[in-house]
Amino acid sequence: MITRRHVLQTLGGGIASFLALGGYAIGIEAGERLVVTNYDLTPPRWPAGAKPLTVALIADIHAVDPWMSAERIGRIVEQTNRLAPDLVLLLGDYVGTIHWRNRILRPEEWAEPLGGLKAPLGTYAILGNHDWWWSGGPKPVRAALEKNNIQVLVNDVARIDRAGHRFWLTGTDSMVAIRRGRGKFGGRDDLSGTLAKVRDDAPVIHLAHEPDLFAAMPDRVSLTVSGHTHGGQIRLPILGAMVVPSQYGQRYAYGHVVENGRHLVVSGGLGCSLLPARFMMPPEIVYLKIRGGGTAGA
């Protein structure tokens with residue numbers, strides 16, 4: 001027989017479980033955890049004789065107090081440096097957007113610890129949609145990064161020479177930089193114009209904040225790296241990511257994607273958007289090892 005006591009006990013257990021999960025999602029997974037996710041890749045066009053290239057990806061910091069403070073960013077930088085990558089790529093959305101916060105960090109506050117990133121081939125960055133959407137706009141974001149010796153690729157390219165081989169970094173601006181209301185956006189990305197600046201047949205790593213751009217990526221690009229989705233931020237067993245900010249749904253939500261021989265890696269990012277909670281998608285630094293074996297190269 002189901003009694004009032006049984007009902008209350010069941011209800012109380014459900015509430016306690018909900019609160020425990022909520023506390024974990026907010027206090028532990030979003031606020032304390034940090035994992036390193038490794039991918040070992042052999043993308044097309046990467047030269048067979050090249051020494052393996054290691055790359056650290058940092059995405060979606062969303063700097064706000066108390067959830068993503070300058071001190072916490074500094075700890076993320078220290079962890080990244082311990083990985084000793086050849087190259088560090090920052091994939092946009094440095095500005096915080098959490099509703100429950102003390103304050104949004106100013107660009108100079110979060111950019112200073114990022115300036116401590118160390119990699120022999122340098123640190124490069126692109127901008128994300130939230131770097132456009134906040135009240136200060138993209139100019140102070142870019143200025144803060146460049147002041148800390150981080151080169152920003154806004155529809156631009158950089159050629160890197162390494163141990164007798166070379167490759168290109170190309171980066172496009174956000175696809176949803178301009179909010180036009182009623183769910184409509186305007187992009188500032190120029191993929192064709194950016195790739196036109198590549199002057200030879202060396203392989204290309206492309207930085208695109210939103211992974212949706214990968215659908216239009218030509219075979220010329222060996223590897224695309226993106227953030228933006230937070231891997232869904234909240235993922236549930238069996239169901240997966242509840243909300244993915246992509247017109248392709250789960251297709252480019254997270255991880256290593258290969259389509260028609262083209263490679264994409266989507267980082268789950270570090271910070272949070274809207275709510276300071278993550279579940280089954282802890283903040284991550286992505287560490288890539290790119291090996292030779294492509295069909296064309298430098």
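Modeller: Let's start with patches: they take residues with over 30% relative accessible area and no salt bridge, joining like charges within 9 Å and nonpolar side chains (Val, Leu, Ile, Met, Phe, Trp, Tyr) within 5 Å. This is a predicted model, where local features need pLDDT of at least 70 and side-chain atom pairs pLDDT 80 or more, while totals for chains, interfaces and linings use all residues. Residues are numbered from 1 along each chain as its sequence is written, and side-chain values use heavy atoms, without hydrogens or water.

Colleague: Okay, which residues make the nonpolar surface patch?

Modeller: I238, L239, M242 and V243 do, and the patch covers about 510 Å². Areas like that come from the Shrake-Rupley method with a 1.4 Å probe, and for residues only the protein chains shown count as cover.

Colleague: Why is L239 called exposed?

Modeller: Buried is under 20% relative accessible area, exposed is over 50%, and partly exposed is in between (1.4 Å probe, protein chains only). L239 has 59%, so it is exposed. You'll find L239 in the loop between strand 15 (235-236) and strand 16 (240-241); strands (E, at least two residues) and helices (H or I, at least four) are DSSP runs, numbered from the N terminus.

Colleague: What makes R291 and D40 a salt bridge?

Modeller: The rule asks for a side-chain nitrogen of Lys or Arg within 4 Å of a carboxyl oxygen of Asp or Glu. The closest N and O atoms of R291 and D40 are 2.7 Å apart, and the pair counts as a salt bridge. R291 sits in the segment after strand 20 (284-290) and D40 in strand 1 (residues 35-41), so the bridge ties together parts 251 residues apart in sequence. R291 has 31% relative accessibility, so it is partly exposed.

Colleague: How many salt bridges does that rule give?

Modeller: The count comes to 13. One of them joins R166 and D200, at 2.9 Å from N to O. R166 is in strand 10 (residues 165-172) and D200 in the loop between helix 6 (191-195) and strand 13 (204-208), so this pair links parts 34 residues apart in sequence. There's also a network, in which salt bridges with shared partners join D65, R103, R106, E108 and E109. Within it, the closest N and O atoms of E108 and R106 are 2.9 Å apart.

Colleague: What makes strand 9 and strand 17 edge strands?

Modeller: Two strands pair if DSSP finds at least two bridges between them. Strand 9 (156-162) and strand 17 (255-259) each pair on one side only. They belong to an open sheet of 6 strands with mixed pairing, in the order 9-10-13-14-18-17. Strand 17 pairs with strand 18 (residues 262-266) in the antiparallel sense over 5 bridges, and V257 stands opposite L264 there.

Colleague: Why do A84 and N149 get picked out?

Modeller: Most residues other than glycine have a negative phi, and most peptide bonds are trans. A84 isn't a glycine, yet its phi is positive, about 55°. N149 isn't one either, and its phi is about 65°. A84 lies in the loop between helix 2 and strand 4 (87-90), and at 52% relative accessible area A84 is exposed. N149 is in the loop between helix 5 (138-147) and strand 8 (151-152), and with 72% N149 is exposed.

Colleague: And which residues does a cis peptide bond join?

Modeller: D65 and P66, with omega about 5°. P66 is in the loop between strand 3 (64-65) and helix 2 (70-82).
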